[in-house]
Amino acid sequence: MSKDIAKEKSMIIQKEMIASLFKDLSTAKETGKKVVYTFVPGNISELIRSFDMLPVYPEINALQSGMRKKSEGFIRDAEKIGYSEDVCTYVKCDIGMMINGNIGPTGEKIPDPDLLLLSYTGCFTFMKWFETLERLYPGVPVALLHTPYQEAHKITPDMTQYMVKQLKEEVIPKMEKVSGQKYDEEKLKELLKNTSKVEDYMLKIFATTKNKPSPIDAYFAGVYYIGPINIGFRGTVDAINYYEELYKEILDRVKKGLGPITPEGEMEEEKFRLVVEGPPNWTHFREFWKLFYDMGAVIVASSYTKVGGVYDMGFRVNPDKPLESLAKYCMNCYTNLNLEQRVELLSDCITNYKADGFLVNSIKSCNSFSAGQLMIMQQLEKRLEIPVSFIESDLVDPRYFSYSNIKNRLESFFQMLEQRKLILNN
C-alpha cells in the first residue's frame, strides 16, 4: 500500500486554499456570492474575482472525482441518459455529478451557476458541454468568449482586438448584470500585478528540472504545482504566497542535490529524463506515477502543465493593459497552439532539459490533445533522433486504463533507453 505523499509546507498551504474555496462555494447562496462556471484553459479568474464572484471549473471537479474513485459511477449515469462512450469523459463525469446532486470533491454541494462563461480555447467540446449546462440550468445567462486559433503561428493585433471587443461587449456587461457591480479596471490591474509575480515563479519552478538530478517531477508532481492557478487563484495574494514557498522548497532540494518527492518518499536515483505529451490518467494516478519512479524515470517537462497557459514562449500579463493581457493569455494556452507550434515547444523542452526520451499518453476521449499526437511524435523522433513511445489511457474512465498494457510498453521503452545510453557511453 502506498504511503501518503510527504507533506511539505507548500502542500499544506495549497490544501488549505482549496478547502477554503470549496467552503466559500458551499455557502455562496447564504453569503450572496455569485458563482461563475468556466474552464481551465484561458481561465480569466482575475476578471471573475474583480467582480467578487467565485469560479467553478467543471474539469477540476471531474478529475478530482476520478482521483477519489467516484467518476465511473457518474460516467455510467451519464451514459444511461444518452451520452455515448465516445464523449469526453470529463463531460460525462460532470453531468453525472450534477444529476446526482452536484456534490463536489470535498463532499460539499457546489452551488448552481449564476453565469456560464464559455471560454473557447482550442477545445470544441467546451461548446457542446456548455450547451448541455445551459439545458441543465435554464435561464442562466451564457457569456461566450471565443478565442482565435493560432493558425499562422502568431497572435496578431486583429486577433487581440477581436477578443477585447468580446470582453467589453459580451463578457463584462453580463458580469456587471449578474454581480450588480460595475467593471473596475483599477481592481483588475491590481489582480494582474499579482498574476505577473506568479507567472515569474511558475517559469522559475519548472526551469529547476534543468538540474541533475531534477528536484521535481514536472508531470505527476507538476499537476499539484499548477493547481492554484487553474482552480481560481490567479490574481490572488494566496497564490503568490503558495508559489513563493514552493520555489523556496525546490531550491532547497536543488542545493541538497535531491530528486523528486514521490508518494513513497524521495526518489533515490534518476535513471531517465523524459518529456511527456498529454494529460495524465486520474483514476489510477498513484499506480501510474509509480510505474515511472520505480524505473527511475523523471518527467522534466510536460505539455499538460501548460494547458492553463504557456509561459515558455515569453508571454507575461501586462497590468497596464488588462483586457489585452487577458486576451493574449487565452490565446497562449497549449490547446490553442497549432501542431507545428506544439512540436517546436516540445522540441525545445527535450533539448533544454536534456531529456533521454519522449512519451505520448494518448487520451481516448480528448481530441484537443490526441489529435496530431502521432505526427508530433514522428516529427520529434526524426528531428532530434530521440527514442519515442506511445501509451493510451483515459482521463477519468477507469474502464480504459490497462495497467498491464501500459507497464509492458513502458518497460520496453525504458529498455530501449537503457540500451541507447550504453551505446552513447561507449
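**Close-up 1. The second largest pocket holds about 360 Å³ of space.** On a 1 Å grid over the protein atoms alone, a pocket is an open set of points where a 1.4 Å probe fits, with protein on both sides within 12 Å along at least five of seven lines; its volume is the space filled by probe spheres set on the points, which are joined across faces, edges and corners. Of the 24 lining residues, Leu-203, Lys-306, Asp-312, Leu-345 and Tyr-353 are the closest to the centre of this pocket; a lining residue has an atom within 4 Å of a point. This is a predicted model, in which local features need pLDDT of at least 70, side-chain atom pairs count only at pLDDT 80 or more, and totals for chains, interfaces and linings use all residues. Residues are numbered from 1 along each chain as its sequence is written, and side-chain values use heavy atoms, leaving out hydrogens and water.

**Close-up 2. Helix α15 (339-352) gives the most to the lining of the second largest pocket, with 6 residues.** At least two lining residues each come from α9 (185-207), β8 (297-302) and α15. Helices (H or I, at least four residues) and strands (E, at least two) are DSSP runs, numbered from the N terminus. By type, the lining has 13 nonpolar residues (Ala, Val, Leu, Ile, Met, Phe, Trp, Tyr, Cys, Pro), 5 charged (Asp, Glu, Lys, Arg) and 6 polar (the others, Gly among them).

**Close-up 3. Four strands form an open sheet in the order β8-β7-β9-β10, with parallel pairing.** Here β8 and β10 are the edge strands, each with a single partner, so one side of each has no neighbour in the sheet. Strands pair if DSSP finds at least two bridges between them. Look for the 5 bridges between β7 (272-277) and β8, where Arg-273 stands opposite Val-298. Across the sheet, β9 (357-363) and β10 share 6 bridges, and Leu-359 has Ser-389 as its bridge partner.

**Close-up 4. Helix α17 (373-384) packs on the sheet, touching β7, β9 and β10 (contact: heavy atoms within 4.5 Å).** Its direction makes about 175° with that of β9; axes are lines fitted to C-alpha atoms, for helices over the stretch in contact, and angles run from 0 to 180 degrees between N-to-C directions.

**Close-up 5. Helix α4 (58-67) is mostly covered, with 9 of its 10 residues buried.** Among the buried residues are Pro-58, Ile-60 and Leu-63. Elements covering them include α1 (9-26), α5 (71-80) and α7 (125-136). After the helix comes Lys-69, with a positive phi near 65°.

Note on methods
Buried < 20%, exposed > 50% of the residue type's maximum accessible area, 1.4 Å probe, protein only.
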